Amino acid sequence: MAFETIANDYGLTGKVAIVSGAGGPIGQGLDEGVTNGRAAAILLARAGAKVCVVGRTLELAQHTVDIIAKEGGEAFAHVADVTTEAACKGVVEATMDKYGRLDCLDNNVGRNLPGDVTQISLDDWRSMFALNVDSMMLMCKYAIPAMIKGGQGGAIVNIGSLRSIRPQASTVYTVTKGAVISLTATLAVDHGAHGIRANCIILGPVFTPNINRNLTPEKRRLRAEASLMKREGTGWDTGQLVRFLLSDQSKFMTGQSICLDGGASLVGPSR
């Protein structure tokens, strides 16, 4: 049987995906900026997947669902604080209750916190690990058994950061995102025999509404200059790579950490 039966066949039709951090602004057009999670959820739905859209605010998660529904896709919103084990378990249970299977997981949540080890408090250090690392571990803890139960394996994408390989003025962010790379590789090794794939996207200067409030025009110019392509990436760039990594088009790829940075990791100047 041919690998592709139709053009752009991602093998995602009828599959079920959980996308965390999939909310985003309301009233902002999709061409004006979109979060990584929202873009991934929309693109997965366009490829035929059913999507559990996870966010901390129902209104923002539901807005993503409404966009998907308007395009003829299927999704539902689920509110969860994925730093807590009960909430992560609840996300997977809600998805299984609604669709009876789970095939894909996209872990998007995370945030930055500037400062070196002499400046950060132990409480802030631990809260950053809870959000940037624990949340991904906990989602995987409950998603993987559900994927195995389905008998067809599954695919996981964890969102990392260029800071993990090019540290810059944020020790805890660098350390947590480095942990995401290690977690991803370990997931691939531990669960490959069950048909579970796991890959990490190392994001570089990608512009989303979530970071807009922290960027001056000058900082955005420097981010664009850091890319060999002399522009920032967008949430759509992230979403397209997520869709590829969760699809059958990457079914022999696992344990990898892939830079999505316009080449900034090669020769980009300091930002």
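**Helix 3 against helix 4.** I looked first at how these two cross. Helix 3 passes helix 4 in a right-handed crossing; a crossing is right-handed if the near helix is turned clockwise from the far one by less than a right angle, and left-handed if anticlockwise. Helices here are DSSP runs of H or I, at least four residues, and strands are runs of E, at least two, numbered from the N terminus. The model is a predicted one, so I took local features only at pLDDT of at least 70 and side-chain atom pairs only at pLDDT 80 or more, while totals for chains, interfaces and linings use all residues. Residues are numbered from 1 along each chain as its sequence is written, and side-chain values use heavy atoms, with hydrogens and water left out.

I then took the geometry. Helix 3 (residues 85-99) and helix 4 (residues 122-149) pack at about 35°, and their axes are 9 Å apart. Axes are lines fitted to C-alpha atoms, for helices over the stretch in contact, and angles run from 0 to 180 degrees between N-to-C directions. From helix 3, I listed Glu85, Cys88, Lys89, Val91, Val92 and Met96. They meet Ser135, Leu138, Met139, Lys141, Tyr142, Ala143 and Ala146 of helix 4. The residues of this contact divide into 9 nonpolar, 1 polar and 3 charged. Nonpolar covers Ala, Val, Leu, Ile, Met, Phe, Trp, Tyr, Cys and Pro; charged covers Asp, Glu, Lys and Arg; the others, Gly among them, are polar.

Two strands count as paired if DSSP finds at least two bridges between them.

I followed the pairings across. Strand 1 and strand 2 are parallel over 4 bridges, with Ile18 opposite Cys52 in strand 2. Strand 1 joins strand 4 through 3 bridges. There Ala17 stands opposite Cys104, and Ile18 opposite Leu105. Strand 4 and strand 5 share 4 bridges, and Asn107 has Asn158 in strand 5 as its bridge partner. Strand 5 (residues 154-161) and strand 6 (residues 196-203) run parallel and are joined by 8 bridges. Asn158 pairs there with Cys200.

Contact means heavy atoms within 4.5 Å.

**Side chains and burial.** In a regular strand the side chains alternate between the two faces of the sheet. In strand 1, Val16 and Ile18 point one way and Ala17 and Val19 the other, and all are buried. Buried means under 20% relative accessible area, exposed over 50%, and partly exposed in between (1.4 Å probe, protein chains only). In strand 4, Cys104 and Asp106 point one way and Leu105 and Asn107 the other, again all buried.

Helix 1 is mostly covered, with 10 of its 11 residues buried. Just after helix 1, Gly48 has a positive phi of about 105°.

I also checked Thr64 in helix 2 (residues 58-70). Thr64 is buried, at 0% relative accessible area. Beyond its neighbours within four places in sequence, Thr64 contacts Ala22, Gly23, Arg38, Ala41 and Val53.

Most residues other than glycine have a negative phi. Which way does phi go at Ala169, positive or negative? It is positive, about 60°. Ala169 lies in the loop between strand 5 and helix 5 (171-191) and is exposed, at 67% relative accessibility. Lys230 also has a positive phi, near 60°. Lys230 sits in the loop between helix 7 and strand 8 (233-234) and is partly exposed, at 49%.
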